Amino acid sequence: MVVKIFCLLFLIIINSFGQNKISKEFVGDWVGSGWGWEVRFKQSAGEFAKQFTKGKFNLPFENEKIIMSLMVTHTTHYYFTVHEDGNVTGKGIITYDLIPNLCGLAALTQQVNERINLMNIIPSIFKWASELGRNAVQNFNSEWYEEQNKFAMDMKVFQNLTKKFTEIDPNSTEGKQIASDFLEWLKNNTLNEDIRRIAAALITKRCGSGTHIIGAGLNCASLVARSFEEVEMKSWKEIALEELMNQIMGELSEHYNDAMKSIAKKSEMGEELCRCGAGISVNAGAKYGPTTIEELVRELGPDVATTLMFDVALGSPPTGLVLSIPGVTQVQYYYKGLINGPENRFFDIRGKLAGNGLILEMDGDVKGGDKDLTIEYMVNYKKERAKFPCWTPFLNEPADVYSSGEETLYEYVTVQKKFPIKDEKTGKINEVTVPEKQTKKKKIIHELPFATFHKTGTHRNNKSMWHEYEYTWRAYKLTTPLTEEEIETEKEKQKEKERKEKFIKEKSDELKNNGETDFEISFTPGQSTVEPNSQSQVDNIFEVIKNFPNHKFSIAVCCDTTADKNLSIKRANSILNSIIKKGIKKSQIQPAECSLSMDDKYRRQPGNNACVILSINKK
């Protein structure tokens, strides 16, 4: 029923956006990432004790002292296309995990079972438990804050490079440097084990296709042709876009799985310290409470009639928890969580962009595994398994979309905090150090469209047993599709560029083999000014000379039939000055008269056409 209501709300939101075409600045390929966590169950010491003390056992705890909780976590990475009608389609990967926090339960168990006076340390233990709960969130967020910051900064570099390339002459020294920087950026990102690799693959394939403008306006078909010489990118050339993206997301899913394992490990280490802390008490030399996980398993456990948090995993609140009491066999109990640790799934994306709002949602069930997650636990040496449904990384609310502007990023600074535990017999204070992370903000300016979503709250979807939650996701635009007419124009430009490159090579080879080569150029009658339709030939002379940086040259103009010797020299100087302005050293080239010994083909040009002779100086 909940799923049906959600889908209905989604469709209502989608339909409310209308079907009008959206601004072209948002149309194209996007790539993004997100993460989220939610406390699906938690119980305070007071709530816990009431289940078995029936009010006879007074626990002087102030406020909310959490002794157990279950946090579900996920991280997601995806790419999608915004179409002209505002509809969105795409694909993504998501990694799930469950993180329990049982800190504090050990101390309370020992307090109740053995009637030992641990009241002096229990408040510290529960305070510690609360800190560990916050640290679990911070450990989780900090991992993805770091990746998000790297990605955002990388997108900034991408935007700057593609913008600069469109503002200058691509054949200039600066233009070639920017092209080199862009290819280096692209190459480096093919090797990253995070969301930046997905971006690099999408950009590479769109560049190679010649059907999209990249970033702030770069048409990079020729650049990517060069980059395919790199081993990694060469292997991408023959793979279809969808196949390549699936391959890369499959490879990256292992990286994200390992990252989630690392996060869970930090939480486990924190709980280990907390559990050991529950045994810190001296009474005639004896310790009370478990000091290792093995002892915790032996001494801690719910009654066989209940499975603690596992009912929650199935969508219903726990029915109650009764501690074992003296004289009754202890219950063997442990919580493994997801049977295989963090689990990956793939999913399709649908959505809608309208105005400044972008809705994203899973399109159908997850793929690459069961639509439910399997958890495992054990009570009285009997292993049990239960199902926990996969969930979407997107809430049914739109992200804010910007054509450009300021994005707020977050990072953590770690501060060490100390908590005292006093030994009543000796009066000695044992301090336990717990790291605490504090959030810092920073800003970054984007020149291309981006989308951000962030929401925190409690009792999502009005679920009383679901407590705090945080969902966040972001996306950045990478490409803009060309129209059919624009594609044809770009194809012609590419053909012309290839023709020019072939011409330059032929002239360079001729110059190398014969010591000279010629170019046909039109001048204004009776003047030294090059006609507009011949300016490209001056550029060609410049490009040929650049291929011989260690040689010196002479330029001679064998003029049209109406030109004299003086005009010929002036025209030679005019060409010389033009190529010097383009970057050729003045000492590398000089004007020369048209030699009468040259072949007649150089001297007999119809009308205002002239034959320009480029020669390698023999001295």
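The chain comprises 14 helices and 19 strands, where helices (H or I, at least four residues) and strands (E, at least two) are DSSP runs numbered from the N terminus. The model is a predicted one, in which local features need pLDDT of at least 70 and side-chain atom pairs count only at pLDDT 80 or more, whereas totals for chains, interfaces and linings use all residues. Residues are numbered from 1 along each chain as its sequence is written, and side-chain values use heavy atoms, with hydrogens and water left out. Of the 619 residues in the chain, 51% are buried, a class defined by a relative accessible area under 20%, with exposed meaning over 50% and partly exposed in between (1.4 Å probe, protein chains only). Among the contacts in the chain with a separation of 6 or more, 75% are made by residues 24 or more positions apart, contact being defined as heavy atoms within 4.5 Å.

In soluble globular proteins, nonpolar side chains tend to be buried together. A nonpolar core is taken here as a set of buried Ala, Val, Leu, Ile, Met, Phe, Trp, Tyr and Cys residues joined through side-chain atoms within 4.5 Å. The largest such core holds 54 residues, of which Phe158, Phe182, Ile198 and Ile203 touch the most other members. At least two residues of this core are supplied by each of strand E1 (28-44), strand E2 (66-82), strand E3 (87-101), helix H4 (122-167), helix H5 (173-190), helix H6 (195-209), helix H9 (241-277) and strand E11 (405-422). Helix H4 provides the largest share of the core, with eleven residues. Another core, of 37 residues, lies apart from it and includes Leu70, Tyr78, Leu338 and Phe347.

Helix H4 also contains Gln159, which counts as buried at 3% relative accessibility. Leaving aside neighbours within four places in sequence, Gln159 is in contact with Ala216, His446, Glu447 and Leu448. Not counting residues up to four places away in sequence, Leu448 touches Phe158, Gln159, Gly215, Ala216, Tyr402, Ser403, Ser404 and Lys477. The C-alpha atoms of Leu448 and Leu478 are separated by 8.3 Å, although the two residues are 30 residues apart along the chain. In strand E3, Asn87 counts as partly exposed at 26% relative accessibility. Asn87 touches Thr81, Val82, Gly351 and Lys352, again not counting residues up to four places away in sequence, and Asn87 and Ala354, 267 residues apart in sequence, are 8.9 Å apart in space, C-alpha to C-alpha.

A search of the whole structure finds 22 salt bridges, each defined as a side-chain nitrogen of Lys or Arg within 4 Å of a carboxyl oxygen of Asp or Glu. One of them joins Arg40 to Glu38, with the closest N and O atoms 3.4 Å apart; Arg40 is buried at 8% relative accessibility, and Glu38 is buried at 0%. A network of salt bridges links Glu38, Arg40 and Arg460. In the salt bridge between Arg345 and Glu343, the closest N and O atoms are 2.9 Å apart, and both residues are buried. Glu146 forms a salt bridge with Lys150, the closest N and O atoms lying 3.6 Å apart. Because Glu146 and Lys150 are four residues apart in helix H4, they are separated by about one helical turn. Glu146 is partly exposed, with a relative accessible area of 45%, and Lys150 is partly exposed as well, with 40%.

Grid points are joined across faces, edges and corners, and a volume is the space filled by probe spheres set on the points. By this rule there are two cavities of 30 Å³ or more, and the largest cavity contains about 80 Å³ of space. The lining of the largest cavity consists of Trp35, Tyr145, Gln148, Leu409, Tyr410, His454, Glu470, Thr472 and Arg474. H4, E11 and strand E14 (468-477) each supply at least two residues of this lining, and E14 gives the most, with three residues. The lining divides into four nonpolar, three polar and two charged residues, where Ala, Val, Leu, Ile, Met, Phe, Trp, Tyr, Cys and Pro count as nonpolar, Asp, Glu, Lys and Arg as charged, and the others, Gly among them, as polar.

Conventions. 1 Å grid on protein atoms, 1.4 Å probe; cavity = no way out; pocket = protein on both sides within 12 Å on 5 of 7 lines; lining within 4 Å.
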